[in-house]
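Good morning, and thank you for the time.

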Amino acid sequence: MKHAFVFGLLVLLFILPVIVLILSSFAPGWRFPEIWPGEFSLKGIEFLALHKEKILTALGSSFVFSLVTVLVTLGMCLLPASVFAGSEFSGKALLEGLLLTPALVPPMTFAMGLHFLFIKFFLADTMPGVVLILAMFSYPYMFRALVAGYQTMGQEYRVCARNLGAGRLRTLLTVELPLLLPAIVAGGSVVFLVAFSEYFLVFLIGGGSVPSFTGYLFPLLSSSNRSLASILTLIFLFLPIFFFLVLDTTLIRVYRKKGII
Amino acid sequence: MKTKFLLKLSPLLLPYLVLFCGGVFLTFSQSLGFLTPLPYEGGLAEAYGSILSSPSFYSSFFFSLQVAALSAFLAVAAGTLLAYWVWKLPAKLQTAALIYKIPLILPHIAVAFVVLLFWSRSGIVSSLAHSTGLIEGMQGFPNLLYSGWGLGMILAYALKGTPFAMLLVMALLLRFDTRQIQTAAMLGASRLRTFVRVVLPRVAPAMHTAFIILFLYSFGAFDIPYILSESRPGMLSINVYNLYFKRDLARRPEAMAILVIMFCFAVLFIFAYTRVVNRLENVERKI
């Protein structure tokens, strides 16, 4: 009984919105006071097919800058995280706290100041500019995950590999990175989602010349075409889920092959 | 040794100093009238003067504070309870309970859209109320989203924040020993007492972290207010947006001054909150 109650609550909070979105996708004419759509149609899907190119460009662009942001944050955090996990130094706690602030303070406060600098250095309205601003705002998630990853891994593997004569780069590529993969995936997923779903920063720095899926979706959300907005919102939900599922299964396959699990 | 150490930290320290600190510095200097797109005529603190003397700034500030505090509180409370309940589910059901991650994936603007679908006057809840005879027509449904209380934004932030709080609390619960609850029950503690005295202290750190993150995010974010906000009082972020993009370039320092105030508030809040929590925990330990 208790279980049913908890589940009912979860479904009501988290599944019902998805069901309504699916219904509304296929019922452009769903209006007050109908609780169930009067008629279903594929008008929304037709519109989607008609504007296929624009939508795919926006989607592809969002995907690319989010993935690049993940890679950039990984590059930023890999070495510093190993230092933080493996050594004690004075002021460590303070420095760690300071390094986490970009994810806490409102991103507007530094992004709008940076906008000026980006215009001067021709980074405004470009993909690299968008990636930089997104990385600056989302790297703390990668950093935290990597520090935790290094801590669970411990020093022994690296020391052992180095003792056996492996170079620094080789140790990193063949020993450390594979062992850190779960942490990288965990941090990377969060960074990806943050970058993929951000609207304002992309709008500010990308200035409309960097297409993004959020930018495409935004004006539709307050328009009267709820069917189309619902379809695009569902894409937003299922695309990352699909992406993560593929990632998960490949990872498990890789681990099996390497005999890690 | 020292240089090697700094070199290793540099991939993070350099962007942090240049982009983050530099960005905040530029915001600050523009608020004083330096480095603005147009030469600024006013004095050093003129932008601050005009911001701090306008009553609409204060109403926006407190409105943002109220939306942020209420939504973060709701999300943390609901998230903690749900996390505890899900944690007590049998292992098989726990996998199915992963549905709670759905709003984590949805972007903020999509969550705002969901709130619009459900709670607007022509939305699902209104239709339900009509078909059960509670209201006569669309006008009978309370204008929740535009009531002046920011209810729409609070709902959206709470819906987006609940799974986030759940995630953090759940991570701590996974390392929590069930026998502690059984012991408490054997010693005669009621369910409520067990939850308050045994479980809550254990998950409190996650709750505090979740509260700080959610509170500051809803305090300064732009996406949800832009879809769900009411014209007056507006959230601070919307005021900044309007000043930055829609008004005269000459008013740029005012937008920047609001941002500096928001930044200082956020930093102060983090410090004050962690201080208070530490002190409370110390008091508790002494008892």
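Among contacts in chain B between residues at least 6 apart in sequence, what percentage join residues at least 24 apart? The figure is 71%, where contact means heavy atoms within 4.5 Å. As to conventions, this is a predicted model, in which local features need pLDDT of at least 70, side-chain atom pairs count only at pLDDT 80 or more, and totals for chains, interfaces and linings use all residues. Residues are numbered from 1 along each chain as its sequence is written, chains are lettered from A and ligands numbered from 1 in the order in which they are written, and side-chain values use heavy atoms, with hydrogens and water left out.

Chain B contains 13 helices and 0 strands; helices are DSSP runs of H or I with at least four residues, strands runs of E with at least two, numbered from the N terminus. Its C-alpha trace spans about 75 × 75 × 35 Å along the principal axes.

I turn to chain A, which is divided into domain 1 (13-50 + 223-261) and domain 2 (57-214), with bounds from an automatic or database domain assignment. To their contact, domain 1 of chain A gives 10 residues and domain 2 of chain A gives 14 residues. Between them they bury about 1100 Å², 91% of it on carbon and sulfur atoms; buried area is the accessible area (1.4 Å probe) that two parts lose on being put together, summed over both. On the domain 1 side, Phe236(A), Phe243(A) and Phe244(A) lose the most area to domain 2 of chain A, together 43% of what that side buries.
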